[in-house]
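Dear colleague,

Please find the structure below, together with its sequence. My notes on it follow.

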Amino acid sequence: MNDTRSRQIVIAGAGVAGLTAALAFAERGYLVRVFEQAQRLEAAGAGIQLSPNATRILRQLGVLDRLLPAAVRPEAVVLKEAATLRELARVPLGQAAEARWQTPYLVAHRADLQSALTARVAEMPDIHLITGGRVSGVDTDSHGIAATVEIEGQTIKAEGSLLVGADGVWSSVRALVDSTRGTASPRSRFSGELAWRTTVAVESAAGQAFAAIGAADCVTTFLHPGFHMVAYPVSKGDAFNLVAFSRGERIAEGWSGHADPGILASAMRGTAPGVARLLEMAGPWLTWPLHTVEQKQSWTTPDGIALIGDAAHAMTPFAAQGAAMAIEDAAMLADVIADFPADQAQSLQIWENLRRPRVTRVARRGTINRLAWHAAGPVAIARNLFLKMRSSEKLAADLDWLYGWQQQKIIRR
Ligand SMILES: Cc1cc2nc3c(=O)[nH]c(=O)nc-3n(C[C@H](O)[C@H](O)[C@H](O)COP(=O)(O)OP(=O)(O)OC[C@H]3O[C@@H](n4cnc5c(N)ncnc54)[C@H](O)[C@@H]3O)c2cc1C
């Protein structure tokens with residue numbers, strides 16, 4: 001490979017995955033160009049939970065210190081039955097999480113996470129972030145890749161050794177991977193579920209309504225047959241992020257859609273009056289259709305394309321791990337490529353082989369959570385009994401594999 005190109009990385013998309021990848025590659029001495037199709041970076045959605053497996057990497061990349069002043073360290077994850085408001089389980093976080101996993105569990109507004117990432121990117125002279133640039137194609141040869149970028153009505157070529165597709169669930173780069181590999185383009189698939197989200201000020205009537213039924217300093221999840229709602233503080237604790245999940249018809253793709261509020265009202269029928277009051281006071285609700293990506297397709301090509309984050313494996317958010325997986329993908333990709341530059345094709349394959357079992361296990365955990373949280377009848381009774389018999393310590397220990405994850409050094413023989 002031509003030597004100048006071998007130290008250059010082209011990234012499509014400046015979401016959590018793309019910005020983390022830019023930082024991780026720049027830390028390893030690469031020149032990075034990030035193309036973002038939007039004219040301005042805007043955080044999509046409202047709140048985000050950042051578990052220790054994610055904050056550990058954000059700390060290593062110099063992002064965590066910038067995020068901490070705006071984020072909140074919740075004291076626990078609390079599961080409540082939405083019909084009775086009875087507490088079913090409590091997983092201690094706060095100090096306990098830091099003692100157990102050596103790095104905090106945080107909840108934050110997405111805009112604060114994006115500000116922390118872009119502030120760190122701005123400090124790195126080897127990262128060039130170009131907005132209004134859409135990656136639409138790629139040529140590959142033995143010298144590396146040349147991505148086609150549509151920018152201000154012109155088409156330019158961006159050369160490098162690797163094109164990282166961090167362009168989200170509706171990725172264009174995914175189609176490029178498939179055409180290179182000669183496989184059919186896997187479309188994202190509508191999961192049949194809608195996410196309803198809103199943010200309310202703590203001082204508002206809706207904020208007070210939540211404080212009356214949830215734990216204001218915790219992540220509270222209300223469980224109900226066919227419905228659940230997650231609520232937690234964001235923005236230094238000045239607001240609560242609320243996100244509810246129900247089944248629903250497919251609606252337009254995007255974070256700020258609208259669906260018939262009657263769907264939400266009907267899904268939460270039978271919940272306690274306090275929950276119903278909160279949902280009524282907290283509106284209007286924006287709606288996001290949950291799409292997932294078929295995970296059997298390849299995430300890499302031998303000639304220098306890698307998909308990370310939602311572009312590779314968008315999953316349902318029931319384990320609150322999509323962004324965390326994107327962060328893990330990005331950090332590990334940069335390490336594997338930098339540690340073994342001589343044979344990039346093999347490095348990409350090793351990276352994919354290492355990431356796939358982990359991502360599959362995490363996605364499966366989300367599926368199990370959804371089944372448990374939406375359970376009805378005898379299954380719900382069995383769930384409640386199981387949770388009652390499990391100590392908080394044991395519930396935390398059950399998460400060690402997920403939150404305690406650390407990147408292993410790979411030794412190639
Ligand atoms: C309701 C809900 C709640 C969630 N809660 C959590 C949570 O608590 N914790 C968690 O870890 N995860 C959570 N997730 C998942 C998380 O939001 C996603 O996994 C994460 O945002 C994916 O990041 P990404 O960078 O891969 O994609 P995106 O954030 O979608 O970024 C992709 C970027 O690429 C740009 N782009 C697209 N195409 C092109 C192109 N051709 N050229 C250039 N740029 C392009 C887009 O404009 C966008 O900026 C949640 C998801 C949902 C729906």
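Which of the 33 residues around the ligand come nearest? They are G13, G15, G168, G309 and G322, where a residue is near a molecule if its C-beta atom, placed from the backbone, lies within 6 Å of it.

This is a predicted model, in which local features need pLDDT of at least 70 and side-chain atom pairs count only at pLDDT 80 or more, while totals for chains, interfaces and linings use all residues. Residues are numbered from 1 along each chain as its sequence is written.

The shell around the ligand draws at least two residues from each of α2, β2 (31-36), β3 (47-50), β8, β16 (286-293), α11 (310-313) and α12. Helices (H or I, at least four residues) and strands (E, at least two) are DSSP runs, numbered from the N terminus. Helix α12 supplies the largest share of the shell, four residues. By class, the shell has 19 nonpolar, 10 polar and four charged residues (Ala, Val, Leu, Ile, Met, Phe, Trp, Tyr, Cys and Pro count as nonpolar, Asp, Glu, Lys and Arg as charged, and the others, Gly among them, as polar).

Helix α2 (residues 16-27) also packs against α12 (residues 322-339), at an angle of about 25° and with the axes 8 Å apart. Axes are lines fitted to C-alpha atoms, for helices over the stretch in contact, and angles run from 0 to 180 degrees between N-to-C directions. The two helices are therefore roughly parallel (angles under 35 degrees). Their contact involves V16, A17, T20, A21, A24 and F25 of α2, and A323, A326, I327, D329, A330, A331, L333 and A334 of α12; residues are in contact if their C-beta atoms, placed from the backbone, lie within 7 Å. This contact comprises 12 nonpolar, one polar and one charged residues.

Helix α6 (residues 110-122) packs with α2 at about 30°, the axes being 10 Å apart, so α2 is roughly parallel to α6 as well. On α2 the contact uses V16, L19, T20, A22 and L23, and on α6 it uses L113, L117, T118, R120 and V121. Seven of these residues are nonpolar, two polar and one charged.

Finally, three strands form an open antiparallel sheet in the order β8-β9-β10 (two strands pair if DSSP finds at least two bridges between them). Strands β8 (133-141) and β10 (154-160) are at the edges with a single partner strand each, so one side of each has no neighbour in the sheet. Strand β9 (residues 144-151) is joined to β10 by seven bridges, and A147 has A158 of β10 as its bridge partner.

With kind regards

Methods: Angles under 35 degrees count as roughly parallel, over 145 as roughly antiparallel, 65 to 115 as roughly perpendicular and the rest as oblique. Two residues are in contact if their C-beta atoms, placed from the backbone, lie within 7 Å.
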